[in-house]
Amino acid sequence: MGRSKGEIPATRKLTIRLPANHPVFALPERERSRVVREWLDRGRDMAAALVEVRREIEKLRRAMDGIRGQPAPPRGPDDEGVRREETRGAAVIDAAAFLDI
């Protein structure tokens with residue numbers, strides 16, 4: 001059976017124990033239930049997002065494991081003629097490569 005439009009969903013009461021100094025008790029009594037429901041919903045959404053992030057990290061790890069030991073891919077055209085000094089990391093322009101453009 002579906003709900004008709006505008007019908008309020010059935011609710012159930014949940015009793016939980018929190019420390020006396022929990023931030024929810026700083027809220028006015030009339031707002032606590034609404035705010036706690038929002039926090040629960042956000043926590044659920046964040047937990048689902050975290051699962052997806054972990055999946056993506058695992059995919060990246062597998063991809064990185066697959067390319068380890070292979071030569072580095074060629075750099076893009078913006079990197080031609082530019083090398084990094086190993087001691088300071090400063091960019092050094094190769095004049096011959098620059099003038100060859």
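Trainee: What makes the contact between arginine 55 and glutamate 52 a salt bridge?

Mentor: The side chains of arginine 55 and glutamate 52 approach to 2.8 Å, N to O, and a salt bridge is defined as a side-chain nitrogen of Lys or Arg within 4 Å of a carboxyl oxygen of Asp or Glu, so this pair qualifies. This is a predicted model, in which local features need pLDDT of at least 70 and side-chain atom pairs count only at pLDDT 80 or more, whereas totals for chains, interfaces and linings use all residues. Residues are numbered from 1 along each chain as its sequence is written, and side-chain values use heavy atoms, with hydrogens and water left out.

Trainee: Where do arginine 55 and glutamate 52 lie?

Mentor: Both belong to helix H1, 3 residues apart, about one turn of the helix; helices (H or I, at least four residues) and strands (E, at least two) are DSSP runs, numbered from the N terminus.

Trainee: Why is arginine 55 called partly exposed?

Mentor: Its relative accessible area is 47%, and since buried means under 20%, exposed over 50% and partly exposed in between (1.4 Å probe, protein chains only), arginine 55 is partly exposed. Glutamate 52, at 35% relative accessibility, counts as partly exposed by that definition.

Trainee: How do you know that arginine 62 forms a salt bridge with glutamate 58?

Mentor: The closest N and O atoms of arginine 62 and glutamate 58 are 3.8 Å apart, which is within the cut-off, and therefore the pair counts as a salt bridge. Both residues lie in helix H1, 4 residues apart, about one turn of the helix, and glutamate 58 is partly exposed at 35% relative accessibility.

Trainee: Which residues do salt bridges with shared partners join into one network?

Mentor: That network consists of Glu31, Arg34 and Glu38. Within it, arginine 34 forms a salt bridge with glutamate 31, with the closest N and O atoms 3.4 Å apart, and both lie in helix H1 (residues 29-67), 3 residues apart. Arginine 34 has a relative accessible area of 40% and glutamate 31 has 28%, so each is partly exposed.

Trainee: How many salt bridges does a search of the whole structure find?

Mentor: The search finds 8 salt bridges.

Trainee: Why is isoleucine 16 called partly exposed?

Mentor: Isoleucine 16, found in the segment before H1, has a relative accessible area of 49%, so it is partly exposed. Together with Leu14, Leu18, Phe25 and Leu40, Ile16 makes a nonpolar surface patch of about 490 Å².

Terms used:
Patch = residues over 30% accessible without salt bridge, like charges linked within 9 Å, V, L, I, M, F, W, Y side chains within 5 Å. Areas by Shrake-Rupley, 256 points an atom, 1.4 Å probe, with all protein chains shown as cover.
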